[in-house]
Amino acid sequence: MKVVIIGAGLAGLATAISLAAKKHDVTILEQGPRVGGKLNLREHEGFQFDTGPSILTMPWVLEKLYQEAGRNLADYLTLVRVKPEWRGFWPDGSTIDMDADFVKMHDAITTFGANGQQDLLAYLDHAKKLYDLTEKGFYSSTIRHLGDLRKKHSLRELLAMNPTRSVHQNTQRYFRDEKLQQLFDFLVMYVGSSPYDAPAVLSQLGHVQLGLGVWYVEGGLYQIARAHEKLLQELGVTIHLNTKIAKIETKNDQAVGVLTEEGEHYAADAVVCNLEAITAWRTLLKDHPKREAVVATESKFSPSVSGLVFLLGVDRQYEQLAHHNFFFSKEPQKEFDQVFHDQVPADDPTIYIGVSARSDPTQAPQGKDNLFVLTHVPPLLPGETFSTMEKRYREIVMKKLMRMGLTDLDQHVQWSYTFTPDDLHALYGANGGSIYGVVSDRKKNGGFKIANESPDIEHLYFVGGSTHPGGGVPMVTLSGLLTAQTMQDRLETAVRR
Ligand SMILES: Cc1cc2nc3c(=O)[nH]c(=O)nc-3n(C[C@H](O)[C@H](O)[C@H](O)COP(=O)(O)OP(=O)(O)OC[C@H]3O[C@@H](n4cnc5c(N)ncnc54)[C@H](O)[C@@H]3O)c2cc1C
């Protein structure tokens, strides 16, 4: 089968690896100057920055991808476990280390007056059960809706996922202390959703992060993109960079190829689109007769949060920082309400700082730190821009960090680079600048994402954060793996007929 893939984000690359391993003829067309999509990099005078993902979880998904191609991941990448997993800072000066070492974690949470061991054990046990259930169904095939999920589970299993409860309601059942609730609730921001709206099944992230661990790739996470590119070369896949697709070509509601902005045609038996599905319907399929009907379903799949990112090369080290750090807000419910319901940046945002130099001295010059500062902000509404807010919001973020212990931070910035929601939209086609694709919301979509196989156009597939199973490095990799398998199944069924 001849396949054209639009976009060399992690999902596009994973689909290509899996299809090439199944002996299909694959070509990737990427608009940017290098592969990786949101997993990207910036470098300046010895400061190295991953500009997108900095937290790697569920490394088994990458291992599975390489196994499909008959390779061993360890021959391409060196993964190291990050310790502690996180450090949390609250405005009142209290801190906590989130640590998979149970004794350390137990001691840490006991100082918050919680019921210590029982609370944590019961919570982690529950999170693991949710994860195991998800692995059996949601992570194992191209699920489109509840009907598909039902085929994978007994009713008892579906009910065990607490479909009507939110992540926050779940966290409250295990921890009475509000700071601990905030700590565990915040994990769901890792997939760009609000703990007050996201389905309880996402409480599994406690197990994902503490049970399976938080990982780093030696040399920075961009090494994943480099490794995929090397493997694709070995598998004979053609990658054209700086090649923007203008149109997905169809005939009788079947995808038959793509047209580049330069006017070049690539014919194909199947087209895989790694550009977010909603953006693709607005741009690459804007003249298709089914567009209006598809666009009418958009509100169900509204974008996840976006982000304001500052890459700061600083001329000193802030010893109090671990590899991953959260600077929490005083009032989490207000913060989430502002971002997810009022759709305005929070007055007092939680701020994430990643310092890969803590685990890997090659990431910053000696005695200096590479700070990746991420504040989640609402996705842009159509026609909106973040540029009018950028200066004021930068001040809010920098002042908060200085207030919370990063003394004179603004004086120590030697090099700085900013990504706004506008940049995420312009660089990668992310809807509203979304970081993780589609939001997980019990009421809007029940946590289901856009289907990988287009129900409207035959031989057209969508992969990546806006599609099943969702955003983040492991999920988009799974979307590629699962989609490639579905394509193979379709082909085999057609051959048998
Ligand atoms: C700031 C930030 C922090 C993040 N932190 C984490 C984290 O810590 N851990 C984690 O797991 N995940 C994190 N994520 C999310 C993760 O990066 C994404 O879920 C994942 O990388 C998305 O991959 P993708 O394949 O879905 O799409 P993308 O990476 O968006 O790739 C889409 C590709 O399609 C290309 N493209 C678009 N339009 C066209 C066109 N017309 N023609 C040709 N090519 C086109 C784009 O250039 C791009 O390369 C973060 C993301 C961001 C932005």
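Buried residues (20 or more other C-beta atoms, placed from the backbone, within 10 Å of their own) make up 51% of the 497 residues in the protein. The structure is a predicted model, in which local features need pLDDT of at least 70, side-chain atom pairs count only at pLDDT 80 or more, and totals for chains, interfaces and linings use all residues. Residues are numbered from 1 along each chain as its sequence is written.

The protein has 17 helices and 19 strands, taken as DSSP runs numbered from the N terminus (helices H or I, at least four residues; strands E, at least two). The radius of gyration, taken over C-alpha atoms, is 22 Å, close to the 23 Å given for 497 residues by the globule rule, so the protein is as compact as a globular protein of that length. The rule is 2.2 Å times the number of residues to the power 0.38.

The ligand is surrounded by 37 residues (C-beta atom, placed from the backbone, within 6 Å), and the closest are Gly7, Gly9, Ala11, Gly37 and Gly464. Two or more residues of this shell come from each of H1 (10–21), E14 (306–314), H16 (421–428) and H17 (473–496). H1 gives the most, with three residues.

H1 also packs against H17: their axes, lines fitted to C-alpha atoms over the stretch in contact, come within 8 Å and cross at roughly 40° (angles run from 0 to 180 degrees between N-to-C directions). Residues in contact (C-beta atoms, placed from the backbone, within 7 Å) include Leu10, Ala11 and Ala14 in H1 and Val473, Val476 and Thr477 in H17.

Conventions
Buried ≥ 20, exposed ≤ 12 C-beta atoms within 10 Å, placed from the backbone. Contact = placed C-beta atoms within 7 Å.
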